[in-house]
Amino acid sequence: MTTTLAIANQKGGVAKTTTVASLGAALAEAGHKVLLVDLDPQACLTFSLGIDPEDLDASVHHVLTKGLDAREVIIETEDGVDLLPATIELARAEADLLTRTGREQVLKGVLEDLAEAGEAYDWVLLDCPPSLGVLTVAALTAARGVLVPLQCETLSHRGVGQLLDTVHDVRRFTNRRLEVWGVLPTLYDGRTNHARKVLDTISEVYELDVFEPPIPKTIKFAEAPAAGRSILATSRTSKGAAAYREVAGKLVERAAR
Ligand code: ADP
Ligand code: MG
């Protein structure tokens with residue numbers, strides 16, 4: 001059984017991509033077969049896993065809009081996860097898909113085709129772009145759950161209501177089984193009371209589960225993408241890597257529920 005999880009928040013810089021790369025590596029480390037899907041035209045996930053998008057002939061864009069078999073595009077990475085990479089061409093996908101019937105279902109169909117072709121992934125993690133456009137809706141339509149990374153320092157909760165409205169619409173129109181698994185506090189500075197308060201407010205106001213431990217803010221994360229590996233490889237014993245491993249374990253528990 002594959003568990004497909006969308007990592008979504010329309011705000012940029014809240015560690016969606018870092019979370020996808022790190023949780024993916026943690027799940028792979030624990031023996032799961034993992035596929036990561038880069039749905040952001042900025043291709044940060046692709047780049048951070050050591051692949052230069054400029055070197056690619058085909059990407060998730062061709063799979064979503066031109067019917068190319070995903071197996072022809074998927075790359076094995078050094079982190080032990082498979083990647084369906086993005087290139088800047090994906091920026092056109094929103095426009096290309098906008099007039100298509102069934103555009104919300106397009107990614108779901110791609111993942112079903114992969115499963116039918118015998119690619120038995122345990123986990124598929126979807127790295128959403130910083131918007132609530134066609135690609136994010138397609139991700140939510142393909143997913144069983146959504147995890148919302150949240151930076152606790154700012155007024156980050158303002159966008160959460162809007163995201164939950166979108167989830168609500170997706171549930172009504174394209175994916176009844178979608179569940180909000182919870183928020184993951186990221187870039188967390190435990191030394192400030194403020195972070196803790198923001199977190200408490202969010203879980204109360206929106207009645208959302210909060211995954212623990214929060215992912216600490218550490219310079220190690222800034223270094224990993226340049227190395228083309230996730231923090232689990234570049235900084236194996238760091239607190240950040242340990243936090244992601246622990247959260248990955250909780251996701252496995254949640255999936256079994
Ligand atoms: P998003 O995908 O939501 O835009 P990213 O994962 O690209 O966010 O992260 C934004 C920036 O924050 C990146 O430069 C990343 O290296 C950095 N970052 C992510 N998580 C942490 C962390 N726990 N501590 C320090 N920096 C982090
Ligand atoms: Mg990103």
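**Start at α6 and α7**

Select V137, L140 and T141 in α6, and you will find that they meet T166, V167 and V170 in α7, where contact means heavy atoms within 4.5 Å. By class, this contact of α6 with α7 has four nonpolar, two polar and no charged residues; Ala, Val, Leu, Ile, Met, Phe, Trp, Tyr, Cys and Pro count as nonpolar, Asp, Glu, Lys and Arg as charged, and the others, Gly among them, as polar. Helices (H or I, at least four residues) and strands (E, at least two) are DSSP runs, numbered from the N terminus.

Before going on, note that this is a predicted model, in which local features need pLDDT of at least 70 and side-chain atom pairs count only at pLDDT 80 or more, while totals for chains, interfaces and linings use all residues. Residues are numbered from 1 along each chain as its sequence is written, chains are lettered from A and ligands numbered from 1 in the order in which they are written, and side-chain values use heavy atoms, with hydrogens and water left out.

Now show both helices whole: the axes of α6 and α7 (residues 160-173) come within 10 Å and cross at roughly 55°, and that makes α6 oblique to α7. Axes are lines fitted to C-alpha atoms, for helices over the stretch in contact, and angles run from 0 to 180 degrees between N-to-C directions; those under 35 degrees count as roughly parallel, over 145 as roughly antiparallel, 65 to 115 as roughly perpendicular and the rest as oblique.

How many of the nine residues of α6 are buried? Nine of the nine are, so α6 is largely enclosed by the rest of the structure; buried means under 20% relative accessible area, exposed over 50%, and partly exposed in between (1.4 Å probe, protein chains only).

**Next, select α5**

In helix α5 (residues 106-116), the residues V106, L107, V110, L111 and L114 are buried. Seen down the axis of α5, these buried residues fall within an arc of 140°, so they line one face of the helix; the arc is that of the directions from the helix axis to the C-beta atoms. Turn to the other side of α5, where D113 and E116 are exposed. The axes of α5 and α6 are 7 Å apart and the two helices pack at an angle of about 45°, and they are therefore oblique to each other. L107, K108 and L111 of α5 make this contact with A138, A139, T141 and A142 of α6.

**Then α1 and α11**

Helix α1 (residues 16-29) and helix α11 (residues 239-256) have axes that come within 9 Å and cross at roughly 70°, and the two are therefore roughly perpendicular to each other.

**Last, the loops**

Select N175, in the loop between α7 and β7 (179-186), which counts as buried at 5% relative accessibility. Leaving aside residues up to four places away in sequence, N175 touches L140, T141, A142, A143 and V170.

Most residues other than glycine have a negative phi, and most peptide bonds are trans. With that in mind, select A43, in the loop between β2 and α2 (44-48), which has a positive phi of about 55° although it is not a glycine. Finish at P213, in the loop between α8 (193-206) and α9 (220-227), where the peptide bond from E212 to P213 is cis, with omega near 0°.
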